[in-house]
Amino acid sequence: QADGYGYQLLEYLAEGSLRQRLAQGPLANEQARMLVKELSAALAFLHRRYILHLDLKPENVLIRQWQPLQIALTDFGAAPAVAIRATTADRAGPYQAPEVATGVISAAADYWALGMILLEALTGKHPFAGLSAMVIMYQLTARAVPLAGVVEPWLTLCRGLLLRDPQQRWGPAEVQRWLAGDTGLRAPIEVIA
């Protein structure tokens, strides 16, 4: 506080955001694995404190350092549920879980965003690049997220994180099992009604 104004100080991170790195192309497998590990740990930390990010995207993942990878999350402006409910139509976008547009908000939405970020990090392109928010929402109601070009073991992880049903979507326990190399872990296949 100074002169009656509140200020928020942010750490300067010279490596920039994940968005800047993804502009150069896909991540190598080990970088992508470390990204999943870091993002999942950050989300688990937030969720244990009853904080939802709800605006997770590459622009909001800042890189503290690459070797070993350390990240910092930013832009919690969407975190209050009130803000989401008031602006769901405006906020529907490429990293938003399908259920958020209907007002259903839970930690599962952050894991959907993790899945979309991972998919982009692996392929070098967002599966809905160039589409409007309305078209994206239609795509998500009509079909599963396209995972063409994603190979195992990444395919299983992406399928689990990108399940449209938030009750079935993978969360911290499944991500930890995947990171540990659990070969018994199977993602359910999305059934489109």
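Biologist: Which residues of H6 are buried?

Modeller: Keeping in mind that this is a predicted model, the buried residues of H6 are Trp 154, Leu 155, Thr 156, Leu 157, Cys 158, Gly 160 and Leu 161. That makes H6 a mostly covered helix, with 7 of its 8 residues buried.

Biologist: And what do those buried residues pack against?

Modeller: They pack against three helices, namely H2 (29–48), H4 (107–123) and H7 (172–179).

Biologist: Which residues is Thr 156 in contact with, leaving aside its neighbours within four places in sequence?

Modeller: With those neighbours set aside, Thr 156 is in contact with Trp 170, Leu 185 and Ala 187.

Biologist: Changing topic, what does the whole protein look like in terms of helices and strands?

Modeller: The protein has 7 helices and 2 strands, and along the sequence they follow the pattern α-α-β-β-α-α-α-α-α. The radius of gyration is 17 Å, close to the 16 Å that the globule rule gives for 193 residues, so the protein is as compact as a globular protein of that length. Taken along the principal axes, the C-alpha atoms fill a box of roughly 55 × 40 × 35 Å.

Biologist: How much of the protein is buried, then?

Modeller: Of its 193 residues, 44% count as buried. As for the contacts with a separation of 6 or more, 65% of them are made by residues 24 or more positions apart.

Biologist: Now pockets: what volume does the largest pocket have?

Modeller: The largest pocket has a volume of about 220 Å³. Two elements give two or more residues to its lining, strand S1 (61–65) and strand S2 (70–73).

Biologist: Which residues line the largest pocket, and of what class are they?

Modeller: The lining consists of Gln 8, Leu 9, Leu 10, Glu 11, Leu 13, Leu 62, Arg 64, Ala 72, Leu 73, Thr 74, Asp 75 and Phe 76. By class, the lining of this pocket has 7 nonpolar, 2 polar and 3 charged residues.

Methods: Residues are numbered from 1 along each chain as its sequence is written. This is a predicted model: local features need pLDDT of at least 70, side-chain atom pairs count only at pLDDT 80 or more; totals for chains, interfaces and linings use all residues. Side-chain values use heavy atoms; hydrogens and water are left out. On a 1 Å grid over the protein atoms alone, a cavity is a set of points where a 1.4 Å probe fits but cannot get out, and a pocket is an open set with protein on both sides within 12 Å along at least five of seven lines; lining residues have an atom within 4 Å of a point. Grid points are joined across faces, edges and corners, and a volume is the space filled by probe spheres set on the points. Helices (H or I, at least four residues) and strands (E, at least two) are DSSP runs, numbered from the N terminus. Ala, Val, Leu, Ile, Met, Phe, Trp, Tyr, Cys and Pro count as nonpolar, Asp, Glu, Lys and Arg as charged, and the others, Gly among them, as polar. The radius of gyration is taken over C-alpha atoms; the globule rule is 2.2 Å times the number of residues to the power 0.38. Buried means under 20% relative accessible area, exposed over 50%, partly exposed in between (1.4 Å probe, protein chains only). Contact means heavy atoms within 4.5 Å.
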